[in-house]
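Below are some comments on helix packing, for use alongside the coordinates.

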Amino acid sequence: MRHEIDSLQAAAKKRAAKLVSANNDLEQFAFKEEQTILLIEDNPGDSRFIEEMLKEITSFNYKLIIAETLKDGCKQIKKYKFILILLDLNLRDSTGKQTFDTVIKFSEKIPVVLVSGLNDVELSISLIKQGAQDYILKQDLNSNLLGKTIQYALIRKKAEEELKASEKHAHESDRLKSAFLANMSHEIRTPMNGILGFAELLKEPGLTGERQQEYIRIIEKSGARMLNIINDIVDISKIETGFVTANFRDVNINGKIEFVYKFFKPEIEGKGIQLFFKNGLPNENAILHTDEEKLYAILINLVKNAAKYTDSGLIEIGYKLVNKDILMPLIEFYVKDSGIGIPKDRQNAIFERFIQADISDSKAYQGAGLGLSISKAYVEMLGGTIWVKSEIDKGSTFYFTIPYYTGSNMEIVENQGLPGKVEKKHENNLCMLIVDDDDVSRSFLELITKRYSKNTLFAKNGREAVELVRNTVDLDLILMDIKMPVMNGYEATQQIRQFNKDVTIIGQSAYALDGDREKSLEAGCNDYITKPIGTVQLHDLIHKHFREQTPC
Ligand code: ADP
């Protein structure tokens, strides 16, 4: 036994010597502000000795509180905010492990360094496993060793706390991910149920025309809902992977606000809610140099939420100029509703990914909890901030700012891709080529473009398309899928442009990654459309490129 104690003491001495000779400068960790250390020690001689040594450590700006009993020590722990406790284990009112257990119970987050007598070495070592930061032998005490032991204890404790915090964070993320997956599964299955279920019902013989229309409307609504979820997931992944960039150009914000107002008016007023808009600047000053699509996405998302979480009353959209007199004026947009409101303690969290105001009630309203985090990312990309003021049952107002850059000219807005054909053809008489490797997509495109087509050709990949274009005179319009086997749409377009600069090519892709549009235009497309292709969108594009009556 004696031998064991000797070797433990020897090891402790060696460790202390190593610590003292460690090549680091205590000044490096010097405290700027006064810090309070608690010494629990019942021997006044030892206390004084330790106090003197601490005074010698010039890098410390400390205050020492001394407690002579465990009871007094615990009282002091409650009273002060200590950065460290120096603890003698053998006190008048408690000894050994019991002393430590009591102190640690009171001071969970404060590092404890044991100041041990020779006989306590073994116990001290075992207590390190139970949460003590370190121990120091009374007989070895000198100011350098004490200083370094304290500093290392503080550093270790800080590292431990950081580790605990990151574990907690990881745990929280896991919980959120599971909640997200469960919610996502619900969000996808619900519209899927609608689509598959009502498609099945449509097959029933003898359905009235009215019933058919009703089922089709449900299928459409479910499809749109599913597409919303998928778009949100794609958007958030694009943001996370750094795929999203802002494309700045001059935007008339009055036009944007009015557009959003008109877009939502039927839906919101249909619910019996009044919708207002307020433009804060006259048209000539309402030009903002920003990313039009992102601004639009943010507004749409906020108004969509306002409509979703409001049952009666009003919704108002608007903006005003703030910070007028300082160097960087801002446009402060707002979307105000008189809806259900958001609890105070959730008002920051809702801007985080996958979070709904009340996660336990996530199924009450549809939504994946992604919209606001996408909006936040967009607002920040545009140089602004987003926040909410809300009161339960009274309503919410979402605000976001965008720097009021002006001065560039409006022509940029119009400058999208190659100009369409100068000489526009009549849109009801077109020679068309539909290039798509997917049978369903080809049939769909054929159906929705029938009214424009005099003659429609088909190709299943880029190479077939290039050959067909080479052998067809007077082709007016090509709907070019981008992702195809054998030869993709970019390459096919580039090859076609080498011998045919006139045909209008509209790129179409399901990927919707930022840059696809630019890449298509660079390859030689006149325009670009994302799948699923909305009939109205495609019709708008065809109107844009073909008007005059010049049959082919
Ligand atoms: P979600 O798809 O769930 O609507 P969002 O990220 O858009 O996702 O919103 C996150 C959460 O914030 C919502 O689930 C909802 O609880 C709350 N929220 C957002 N807008 C409003 C609003 N106008 N009124 C009340 N609660 C809102």
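At roughly what angle do the axes of helix H3 and helix H4 cross?

1. The model is a predicted one. In it, the axes of helix H3 (residues 70-79) and helix H4 (residues 96-106) cross at roughly 15 degrees and come within 10 Å. Angles under 35 degrees count as roughly parallel, which makes H3 roughly parallel to H4. The crossing of H3 with H4 is right-handed.

2. On the H3 side, the contact is made by Leu-70, Cys-74, Ile-77 and Lys-78. H4 contributes Thr-99, Thr-102, Val-103 and Phe-106. By class, the residues of this contact between H3 and H4 comprise 5 nonpolar, 2 polar and 1 charged.

3. The second pair is helix H7 (residues 209-240) and helix H10 (residues 371-381), whose axes come within 10 Å and cross at roughly 40 degrees. H7 and H10 are therefore oblique to each other. Their crossing is left-handed.

4. Which residues make the contact between H7 and H10? From H7 they are Asp-232, Asp-235, Ile-236 and Ile-239. From H10 they are Gly-371, Ser-373, Ile-374, Ala-377 and Tyr-378. The residues of the contact of H7 with H10 split into 5 nonpolar, 2 polar and 2 charged.

5. To set the pairs side by side: H3 and H4 have a right-handed crossing at roughly 15 degrees, whereas H7 and H10 have a left-handed crossing at roughly 40 degrees. The contact of H3 with H4 has 5 nonpolar residues, and the contact of H7 with H10 has 5 nonpolar residues. Charged residues number 1 in the contact of H3 with H4 and 2 in the contact of H7 with H10.

Key. Residues numbered from 1 in each chain as written. Predicted model: local features only at pLDDT ≥ 70, side-chain atom pairs only at ≥ 80, totals over all residues. Heavy atoms only, no water. Axes fitted to C-alpha atoms, helices over the stretch in contact; angles between N-to-C directions. Helix = DSSP H or I, 4+ residues; strand = E, 2+ residues; numbered from the N terminus. Parallel < 35°, antiparallel > 145°, perpendicular 65-115°, else oblique. Left-handed = near helix turned anticlockwise from the far one by under 90°. Contact = heavy atoms within 4.5 Å. Nonpolar A, V, L, I, M, F, W, Y, C, P; charged D, E, K, R; others polar.
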